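The points below are grouped by topic and may be read alongside the sequence and the 3D view.

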Amino acid sequence: MADMTVNKTSSRGLSLPKINSRLVVMTLYLLFLLLPIYWLLNMSLKTNTEILNEFTLFPRNLTFANYATILTDPAWYMGYVNSIIYVTVNTVISLAVALPAAYAFSRYHFMGDKHLFFWLLTNRMAPPAVFALPFFQLYSSVGLFDTHIAVALAHTLFNVPLAVWILEGFMRGVPKEIDETAYLDGYSFGAFFVKIFTPLIASGIGVAAFFCFMFSWVELLLSRTLTTVDAKPIAAIMTRTQGASGIDWGVLAAAGILTIVPGALVIYFVRNYIAKGFALGRV
Amino acid sequence: MEKTVNQKAWFLVLPVLLLVAFSAVIPLMTVVNYSVQDTFGNNQFFWAGLEWFEEMLRSERMWDALGRQLMFSGIILAIEIPLGIFVALNMPKSGFWSSFCLVLMSLPLLIPWNVVGTIWQIFGRVDIGLLGYTLDALGINYNYTQDILAAWVTIIVMDVWHWTSLVALLAFAGLKSIPDAYYQAAKIDQASRWKVFRFIELPKMMGVLMIAILLRFMDSFMIYTEPFVVTGGGPGNATTLLSIDLVKMALGQFDLGPAAAFSIMYFLVILLISWVFYTVMTNLDKREG
């Protein structure tokens with residue numbers, strides 16, 4: 001009896017601080033993650049005078065002028081439009097070619113399938129720095145330099161393999177009997193794929209689309225190398241906030257915050273698949 | 001799943017093959033082409049054999065960059081992997097707070113890489129950045145544009161900030177796949193917390209952790225934008241990693257031959273790591289059946 005009570009109190013004594021330590025660890029970690037982002041947000045709501053002359057933890061004179069500058073100046077907001085155009089084009093192309101390929105990989109053995117799969121993976125891992133110069137020359141020579149399609153095609157280098165891998169992971173989970181039943185019912189491959197199979201892996205398509213969107217959105221080296229004016233992404237425009245009077249910190253910070261928004265908006269929908277996507281569909 | 005042999009499946013793969021051939025094989029052939037030729041300008045090229053490769057292998061510049069690169073990748077792995085596991089172990093297992101943590105933790109992963117650089121460039125400045133200002137106020141001499149140590153600390157902390165969540169998310173996915181029965185059995189055996197971790201959680205996480213390690217190694221091995229924005233490779237060449245050096249050589253100085261030779265060796269290293277990665281992945285698939 002005495003033993004029991006000792007045991008109880010000791011386990012209570014252990015478990016109580018344990019819950020607290022979890023809370024402390026997570027709070028500290030999230031604080032570490034969010035502080036730099038908060039600082040950017042904080043700066044984006046200040047005037048340049050306040051940024052440079054006073055050190056304040058939150059904006060004294062709240063101003064949205066920095067955001068207004070970006071949203072009214074075509075030189076700025078066209079950057080967002082350009083980014084969104086090539087990212088969307090890239091996502092559509094990547095998914096369109098990756099869907100049938102992923103189906104083939106998940107259902108059939110064919111000559112060279114393993115080598116092909118491996119070769120695709122090496123492209124996901126290829127350093128953009130290696131490809132920057134050849135891409136520049138390739139797209140210049142075919143007259144696509146400084147167009148959205150050039151950047152979109154360049155990004156398929158790593159997004160197509162990624163989409164194939166993620167989709168293959170999801171398709172593997174769909175029982176093969178479904179295909180066979182559909183064929184017995186007289187569906188052609190096309191009709192089966194669009195009407196029956198696609199709805200079954202809808203979440204997989206969503207996740208693959210999200211990751212294509214994301215990796216195309218965050219990449220800068222290739223998109224900057226392949227554009228000068230007409231298709232220049234927002235991330236590259238940001239590097240040019242240095243004017244005659246020094247860097248316009250407020251506008252730079254506001255532009256940065258605006259690039260975080262699209263990702264932050266959709267992340268909620270894919271929160272449970274994020275690990276799967278990063279692990280190329282293998283978790 | 002039993003797969004059937006069907007050579008017609010090639011037709012389904014064809015679009016991917018053509019597209020990736022266009023965006024990967026043609027550029028790579030250009031690189032190979034440059035790596036064995038020399039030019040005096042005017043688009044006149046002549047055969048140089050393996051000269052550039054020999055030159056690059058002898059050049060201290062590349063070995064220095066490789067050394068810095070290995071040091072960088074080593075340090076960030078040594079920090080991110082244990083920290084990621086630790087965070088994953090402390091995450092709420094389910095419910096609202098679990099989603100809450102997942103969403104906030106994913107945030108840094110979705111920020112454009114040069115914005116990540118910009119965030120830390122600002123954050124570390126002694127005049128307007130919270131981190132730099134605080135360190136300065138504490139009397140620590142911190143200046144990442146002048147001081148080599150400060151520059152390194154900044155880019156490493158930045159990478160830890162940027163990517164630890166990825167390791168944590170993967171480890172968390174691994175942890176969630178452990179059935180409750182395992183924990184109950186451990187409780188009956190009165191296993192200590194450490195033993196639960198060592199003999200249940202760690203083995204179950206091993207697969208995803210291998211993925212995390214390889215992904216982090218590979219991605220850090222070709223990191224370019226973030227450190228470039230923060231330090232520009234400086235002070236001096238102190239933070240010039242492989243990709244930064246390569247871009248400097250290829251796009252900055254237009255030293256096509258050496259840059260191409262450099263690229264090919266760089267790519268071969270990546271190919272080797274990819275092969276390890278692929279083997280791990282396929283073994284993982286087999287184990288799951």
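**Briefing on the predicted model**

In this predicted model, the span formed by residues 66-277 of chain B is 76% helix and 0% strand, and its end C-alpha atoms lie 21 Å apart. An unreviewed UniProt entry places the feature "domain: ABC transmembrane type-1" at these residues of chain B.

**Contact between the chains**

- Chain A contributes 80 residues to the contact, and chain B contributes 77 residues.
- On the side of chain B that touches chain A, the largest share comes from helix α1 (residues 9-35) of chain B, with 14 residues.
- By residue type, that side of chain B comprises 60 nonpolar, 15 polar and two charged residues.

**Strand pairing across the chains**

- Strand β1 (residues 108-109) of chain A pairs with strand β1 (residues 4-5) of chain B in the parallel sense, over two bridges.
- Within this pairing, A:H109 is found opposite B:V5 of β1(B).

**Helix α13 of chain A**

- Helix α13 of chain A covers residues 249-267, which amounts to 19 residues.
- From first C-alpha to last, α13(A) reaches 28 Å, close to the 27 Å expected at 1.5 Å a residue.
- A bend of about 25° occurs in α13(A) at A:V261, and the proline A:P262 follows within four residues.
- Because 14 of its 19 residues are buried, α13(A) is largely enclosed by the rest of the structure.

Methods. Residues are numbered from 1 along each chain as its sequence is written. Chains are lettered from A and ligands numbered from 1 in the order in which they are written. This is a predicted model: local features need pLDDT of at least 70, side-chain atom pairs count only at pLDDT 80 or more; totals for chains, interfaces and linings use all residues. The expected span of a helix is 1.5 Å times one less than its number of residues. The bend at a residue is the angle between axes fitted to the seven residues ending there and the seven starting there. A residue is buried if 20 or more other C-beta atoms lie within 10 Å of its own, exposed if 12 or fewer, and partly exposed in between; C-beta atoms are placed from the backbone. UniProt positions are given in the numbering used here, feature names are shortened, and annotations may be inferred rather than shown by experiment. Two residues are in contact if their C-beta atoms, placed from the backbone, lie within 7 Å. Ala, Val, Leu, Ile, Met, Phe, Trp, Tyr, Cys and Pro count as nonpolar, Asp, Glu, Lys and Arg as charged, and the others, Gly among them, as polar. Two strands pair if DSSP finds at least two bridges between them.
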